[in-house]
Amino acid sequence: MASTRIADLAAQIQENTTKVDQYLQSKNLPSPSFHVDGPVDFQIEDEEIQKARETALDSSLELHQLLLGPAMCLRPVLNGVSLQAIYKYDIASHVPIHGQISFADLGRKCGMSETNLRRIVRFAIAYHRVFHEPREGHVAHSAASRKLAEDADARAGLGYMFDEVWQSFARTVEARERFQSDEPTHTGWSLSQRTDRPVWEHYAEHPAMARRFAGSMSAFSDGVGLSPRFLTEGYPWASLGTATVVDVGGSRGHVALALAQSHPHLRLVVQDLPDMIRGARDAVPAALAPRVAFMAHDFFAPQPVPAAAVYLFRNIFHNWSDAHVVRILRATVPALAPGARVVANDYLIPEPKTMAPSKEREIRGMDMIMLSLFNARERDRADWEQVFKEADPRFKDVVIWVPEGATLSIIEAVWAG
Ligand SMILES: C[S@@+](CC[C@H](N)C(=O)[O-])C[C@H]1O[C@@H](n2cnc3c(N)ncnc32)[C@H](O)[C@@H]1O
């Protein structure tokens, strides 16, 4: 009998899952589980095994969709109510880490009716493996809900995702229709937040939202492929010698700290809007403090730190339309000495079908988020070359690295002066 796609996929899943399993066993690492004491992340450090994991994931996704069939794929359940409520009522923090609590008691603690709490938690169990129900009517933690209870950044990430991002999706087509504009004040996010201010100005007036955003950035950096280590290890920092790196839009410095930690010859200046960086220096470990400075700076204004070796923009340009990226680059120009590098650490849109499906999904997912939040976009190779060229033809030699396993690429342009 001829082989079929579903049989091939099942075989790929078997083969690659076995590789992952054997690796984990050989390293005495825990097997994947949602048990409350189970691992929340894989600790696979071998590239081949990481690839095997991705192949198993991609194959199981395709197999799942084939077995669902086209009609069912047109009816996805895109419902964030349960996770949004878990964030809003801080449900995870009210469940004992190694115990159980009845729906009735948990409802009282969270200020929710027992009936609604039960349906919200049971949806989260069924769809997300957040919580579990060890005996009928009683809630306990899974590894996923425990992460929420114990990690403030994970909670921030959930809140941001459902209070802001998910809300914006629902209004994006309406915003396109209504405004017919690429300005950052004309987005699904603007409609859902009922504001005519851009995201970052709105955050300046809503510091709790700004802090939640910074926490979620930190949480998402933990994702496989998003670790700052791909930047700290994936770019030739050592070749710069003793040098200053300006982390423009560096939030509260989590990437700058990783760079300072792994490259003792680098001096870091973190720039961001005043509300974002207020108090950030207090969290810098004493050993790094002499090499990490913070500075309030609006990146649309002329860059105030002259002659740095690198001006780093991590996860910045994808928040802005081409016209605004060009403005930001031009504002950097007055500070650039010949040979200075502008380095973006951002997504690179792949040529269709050149990337593992799950990676491509991640990038295309982010591209759609950028549309809904900012009227911005992810870029392919030609787009990157184009924005640098348009900003100033003295940006030369655009080079792009895609570190193995990384979600973000490293895009470098050298200032010819
Ligand atoms: C997506 S976050 C990226 C943060 C950090 N670079 C990272 O990779 O996690 C974008 C950052 O740009 C900052 N930002 C937005 N508008 C800015 C402006 N006009 N000047 C300086 N920073 C700005 C935000 O406050 C935020 O910290």
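Which residue caps the N-terminal end of H17? I looked this up in what is a predicted model, and found that Asp380 is the cap, with a side-chain oxygen lying 3.2 Å from the backbone nitrogen of Ala382.

I then followed helix H17, residues 381-391, and listed its buried residues, which are Asp383, Trp384, Val387, Phe388 and Ala391. Looking down the axis of H17, I noted that these buried residues fall within an arc of 130°, and so they line one face of the helix. For what covers them, I recorded helix H15 (322-332) together with the strands S7 (341-346), S8 (395-401) and S9 (409-415), among the elements included.

Next I turned to the largest nonpolar core, which has 47 residues, and wrote down those with the most contacts inside it: Tyr203, Tyr311, Phe317, Trp384 and Phe395. Trp384 is also on my list of buried residues of H17. For Phe395, setting aside residues up to four places away in sequence, I found that it touches Leu329, Val333, Leu336, Val342, Phe388, Ala413, Val414 and Trp415.

Last entry, on His98. I placed His98 in the loop between helix H4 (81-88) and strand S1 (101-102). Is His98 buried or exposed? I put His98 down as exposed, because its relative accessibility is 58%, where the cut-off for exposed is over 50%. Leaving out neighbours within four places in sequence, I noted contacts of His98 with Val36, Asp37 and Arg146, and for Asp37 I also recorded a polar contact of 2.6 Å between its side chain and that of His98. I checked Val130 as well, which is 32 residues from His98 in sequence and 15 Å from it in space, C-alpha to C-alpha.

Key
Residues are numbered from 1 along each chain as its sequence is written. This is a predicted model: local features need pLDDT of at least 70, side-chain atom pairs count only at pLDDT 80 or more; totals for chains, interfaces and linings use all residues. Side-chain values use heavy atoms; hydrogens and water are left out. Helices (H or I, at least four residues) and strands (E, at least two) are DSSP runs, numbered from the N terminus. Buried means under 20% relative accessible area, exposed over 50%, partly exposed in between (1.4 Å probe, protein chains only). Contact means heavy atoms within 4.5 Å. A polar contact is a pair of N or O atoms within 3.5 Å; within protein, one must be able to donate a hydrogen and the other to accept it, and residues adjacent in sequence count only if both atoms are side-chain atoms. A nonpolar core is a set of buried Ala, Val, Leu, Ile, Met, Phe, Trp, Tyr and Cys residues joined through side-chain atoms within 4.5 Å. The arc is that of the directions from the helix axis to the C-beta atoms.
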